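Subject: Structure for you to look through

Hello,

Here is the structure I said I would pass on. Some notes on what was found in it follow below.

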Amino acid sequence: MVYKYDFLVIGAGVAGMSYALKVARAKKGRVCMICKTSLDEANTSFAQGGVASVTNLELDNFEKHIEDTMIAGDFISDRAAVEQVVRKAPEQIRELVEWGVNFDRKADGNFDLHREGGHSEFRILHHADDTGAEIQRGLMAAVRACPDIDVKENHFAVEIITQHHLGARVTRRTPYINCYGAYVLNPETEKVDTYLSKVTVMCTGGCGAVYQTTTNPVIATGDGEAMVYRAKGTVQDMEFVQFHPTALFHQGETHPAFLITEAMRGYGGILKLPNGETFMEKYDERLSLAPRDIVARAIDKEMKLHGLDHVCLDVTHKDPEETRRHFPNIYQKCLSIGIDITTDYIPVRPAAHYMCGGIKVDLNGCSSIERLYAVGECSCTGLHGGNRLASNSLIEAVVYADSAARHSLEHIDLYDFNDKVPEWNDEGTMTNEEQVLITQSVKEVGEIMSNYVGIVRSDLRLRRAWHRLDILYEETENLFKRVKASKDICELRNLINTAYLITRFAIERKECRGLHFTVD
């Protein structure tokens with residue numbers, strides 16, 4: 001089947017939905033959203049902490065937020081990108097509220113602001129401790145109510161379409177690579193359909209699933225980065241994988257691991273060893289509120305030093321009623337495994353959480369491939385640099401969705417559909433009867449990345465990862481050519497591609513910087 005849409009959005013988190021709503025409002029064409037599972041399962045819905053924006057002008061200002069972001073990013077951040085996100089944040093917060101997103105407010109009607117690690121002021125808007133889920137809920141309702149947006153749930157984008165599929169030789173030196181849409185797998189028919197578009201937007205989210213333990217959902221397989229890299233697009237800063245310092249430690253719950261929000265440390269939570277000793281004073285004067293890379297490495301070192309499988313977060317000194325009110329979901333989750341956070345320590349350990357790099361884009365969200373935009377976690381805007389400042393990701397997604405929407409609406413009339421694109425050809429392939437080959441390879445990728453390309457790295461570990469991934473890549477590509485396209489084999493290809501990129505960029509960076517820490 002061949003479908004034609006003016007705007008093709010691949011992904012359905014805050015970035016994809018806010019972009020779709022903005023272009024649909026302009027009435028300049030049909031919009032289609034490709035969603036690999038259901039509309040409500042995205043990284044966005046797993047975000048607990050909140051959204052960073054300067055709203056209290058009596059205490060806070062843009063310059064403070066910009067400086068906090070630059071410091072957290074180890075001054076690798078692109079200052080122009082930082083300025084754009086920080087200065088446009090309040091306007092986008094207002095739009096989220098207009099779309100029906102609720103943020104907690106105080107009795108006087110002003111936002112109830114939290115403070116998180118690396119922030120010099122209270123500027124985190126939140127909805128209890130499930131802000132991402134509330135944003136996802138508000139945007140989903142708006143998307144479903146919009147007649148100009150077609151949502152294709154449980155569809156999987158296999159590849160983006162470029163002139164390579166028309167028989168042209170495309171390399172990384174080819175000028176003006178164009179994107180004409182995407183090949184998309186329909187699980188009901190088990191066929192790969194052709195989706196032609198004038199503009200394509202990659203909003204596929206994160207890649208935490210390349211690690212054994214992650215706060216991301218299992219669908220976070222780096223699809224966008226992998227598809228664009230295979231299409232010879234530019235990716236950047238893939239070595240900077242952020243590990244959240246405080247995922248709940250509970251045996252068997254690793255994919256995803258339950259997140260203990262940064263806001264809990266902003267609230268007054270103190271990191272301790274299981275015996276009650278504090279340790280952050282050895283690593284940073286900001287103690288438990290130091291930026292995530294510092295806290296994650298400190299916890300990792302203490303665990304190795306004392307032979308522990310976790311450390312603890314202590315909020316037992318805080319008012320129990322206030323704790324239950326501020327963190328109802330965390331309270332209930334911990335209670336379900338026998339931990340009362342008002343009287344017991346919370347066992348925590350780091351887990352893969354966020355990709356600071358990704359598809360390189362400019363201030364308008366344009367990638368190196370013409371007619372292809374990237375927004376959200378799969379993109380690299382330059383905002384995060386070497387390490388993301390807490391709660392900057394959701395606001396980055398909506399600010400860049402706005403920039404990409406404005407730019408694509410200005411240029412949509414210059415583009416047309418390319419009717420010469422051939423349909424997907426799977427002639428000669430067979431149904432995969434060896435599912436064990438895929439499931440075992442997925443496990444191997446997780447083990448390789450967690451053991452060799454984790455919080456602390458070395459040249460020897462990275463080279464070992466490189467060689468292991470190379471074998472997996474060859475095996476998987478040979479299997480992909482033999483069997484019919486399926487979500488499982490395509491996700492495995494993307495996992496291996498993304499793991500390779502993280503490892504390669506880590507090998508190429510010859511300094512400890514931001515989230516990349518090497519013993520060499």
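Strands β11 (residues 270–272) and β12 run antiparallel and are joined by three bridges. Two strands pair if DSSP finds at least two bridges between them; helices (H or I, at least four residues) and strands (E, at least two) are DSSP runs, numbered from the N terminus. This is a predicted model, in which local features need pLDDT of at least 70, side-chain atom pairs count only at pLDDT 80 or more, and totals for chains, interfaces and linings use all residues. Residues are numbered from 1 along each chain as its sequence is written, and side-chain values use heavy atoms, with hydrogens and water left out.

Leu 313 in β12 is the bridge partner of Leu 271. Three bridges also join β12 to β13, again antiparallel, and Val 311 stands opposite Val 348 in β13. From β12 (residues 311–314), Val 311 and Leu 313 point one way, Cys 312 and Asp 314 the other, and all are buried (under 20% relative accessible area; exposed is over 50%, partly exposed in between; 1.4 Å probe, protein chains only).

Next, helix α10 (residues 328–336). Its buried residues are Ile 330, Tyr 331, Lys 333 and Cys 334. Seen down the axis of α10, they fall within an arc of 170°, so they line one face of the helix; the arc is that of the directions from the helix axis to the C-beta atoms. Their cover includes β10 (241–248), α7 (263–266), α9 (320–326) and β13 (346–355), where contact means heavy atoms within 4.5 Å. After α10 comes Gly 338, with a positive phi near 85°.

Regards
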